[in-house]
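Me: I am new to this structure and would like to go through it with you. Could we look at it together?

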Amino acid sequence: MPQDPEVIKRTLFIGNLSIQCITDKAAYSQLKTMCTKYGKVKAIRFRSIAFAELLPRKIAFIQGKFHSERQSCNAYVEFVEEESAKKAVELNGSEFRDRHIRVDMANNDKSHDMKRSVFVGNLDFAADEEELWKHFGTCGTVENVRVIRDPKTSIGKGFAYVQFTDRAAVTLALRLQDTVLNSRKLRVQRASEKAIKEKERATAAGTASASAPAKPKAVFEGR
């Protein structure tokens, strides 16, 4: 994410984009066209990219060594005007190239609304947001899905959070306990601040003991 406060204010976060937005010029053009409906775009930077080889991230990006089991990525779209980014937030939950995208201001640090969210555990590490969006979409309107990923590899850690627009959907979502996704029985429970902190703390400890040194993030500027 950009570090300059002035840049952050006019930057939009878009999650669950197809990796095709990086690998295919037509997909990239469609993404930029979608964004420019709200104002002039200065740059698009892609993040949360999983690579197939243990190369420096910038080199792996340039060589297109993308992980075959990770078909999504995130992006930061920098607009020329702050108001353009704010208007584009209305894209949240819409479909782009057959994927429901999560859209928000880059500087929005609000935590999940626990009362409208469920914790989903025992996920396949290759599971992505779209699979969960569709799996829980039968319970109500999904507002966003957040798969927790290793910050160095961008591969899932095995758990996620699904937030609905309506609290009533949580009750229905809990009934999906032990349903199967990618040959794994899901563990579904109400989200809570305590549970989230304990899970992320335990996962972070495990990651720290096994992870390799951090590599520079890939950057893909607007064309």
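Reply: What follows is a conversation about salt bridges, cysteines, a histidine and a helix in this predicted model.

Me: How many salt bridges are there?

Reply: The count comes to 10 salt bridges. Side chains of opposite charge can pair when their charged atoms come close.

Me: Let us start with Lys-9. Which residue does it form a salt bridge with?

Reply: Lys-9 pairs with Glu-6, and their closest N and O atoms are 3.4 Å apart.

Me: Where do these two sit relative to each other in helix H1?

Reply: Helix H1 covers residues 5-9, and Lys-9 and Glu-6 are 3 residues apart in it, so about one helical turn separates them. An α-helix has 3.6 residues a turn, so residues three or four places apart point the same way.

Me: And how accessible are they?

Reply: Lys-9 is partly exposed at 30% relative accessibility. Glu-6 is also partly exposed, at 48%.

Me: What is the partner of Lys-65 in its salt bridge?

Reply: The partner is Glu-53, with 3.7 Å between the closest N and O atoms. Lys-65 lies in the loop between helix H4 (57-63) and strand E3 (72-79), while Glu-53 lies in the loop between strand E2 (41-47) and H4, so the pair ties together parts that are 12 residues apart in sequence. Lys-65 is partly exposed, with a relative accessible area of 28%, and Glu-53 is partly exposed at 38%.

Me: What about Glu-129 and Arg-149, are they buried or exposed?

Reply: Both Glu-129 and Arg-149 are buried. Their side chains meet in a salt bridge at 3.0 Å, N to O. This pair links distant parts of the chain, 20 residues apart: Glu-129 belongs to helix H6 (residues 129-136) and Arg-149 to strand E8 (residues 142-149).

Me: Changing topic: how many disulfides does the whole structure have?

Reply: The search finds 0 disulfides. For Cys-73, the nearest cysteine sulfur is that of Cys-21, 6.1 Å away. A disulfide needs the two sulfur atoms within 2.5 Å.

Me: Is Cys-73 buried or exposed, and what of Cys-139?

Reply: Cys-73 is buried, with a relative accessible area of 1%. Cys-139 is buried too, at 9%.

Me: Next, where is His-100?

Reply: His-100 is in strand E5 (residues 99-100). The residue is buried, with a relative accessible area of 15%.

Me: What is His-100 in contact with, leaving aside neighbours within four places in sequence?

Reply: His-100 is in contact with Gly-15, Asn-16, Gly-93, Ser-94, Glu-95, Glu-130 and Trp-133.

Me: Finally, helix H3. What span should its 12 residues have?

Reply: At 1.5 Å a residue, helix H3 (residues 25-36) should span 16 Å, and its end C-alpha atoms are 16 Å apart, which agrees.

Me: Which residues of H3 are buried?

Reply: They are Ala-27, Tyr-28, Leu-31, Met-34 and Cys-35. Seen down the axis of H3, these buried residues fall within an arc of 125°, so they line one face of the helix.

Me: What do they pack against?

Reply: The buried residues of H3 pack against strand E1 (11-18), helix H2 (20-23), E2, E3 and strand E4 (95-96).

Me: And which residue caps the N-terminal end of H3?

Reply: Asp-24 is the cap, with a side-chain oxygen 3.1 Å from the backbone nitrogen of Ala-26.

Key: Residues numbered from 1 in each chain as written. Predicted model: local features only at pLDDT ≥ 70, side-chain atom pairs only at ≥ 80, totals over all residues. Heavy atoms only, no water. Salt bridge = Lys/Arg side-chain N within 4 Å of Asp/Glu carboxyl O. Helix = DSSP H or I, 4+ residues; strand = E, 2+ residues; numbered from the N terminus. Buried < 20%, exposed > 50% of the residue type's maximum accessible area, 1.4 Å probe, protein only. Contact = heavy atoms within 4.5 Å. Expected span 1.5 Å × (residues − 1). Arc of directions from axis to C-beta. Polar contact = N/O pair within 3.5 Å; in protein donor to acceptor, adjacent residues only side chain to side chain.
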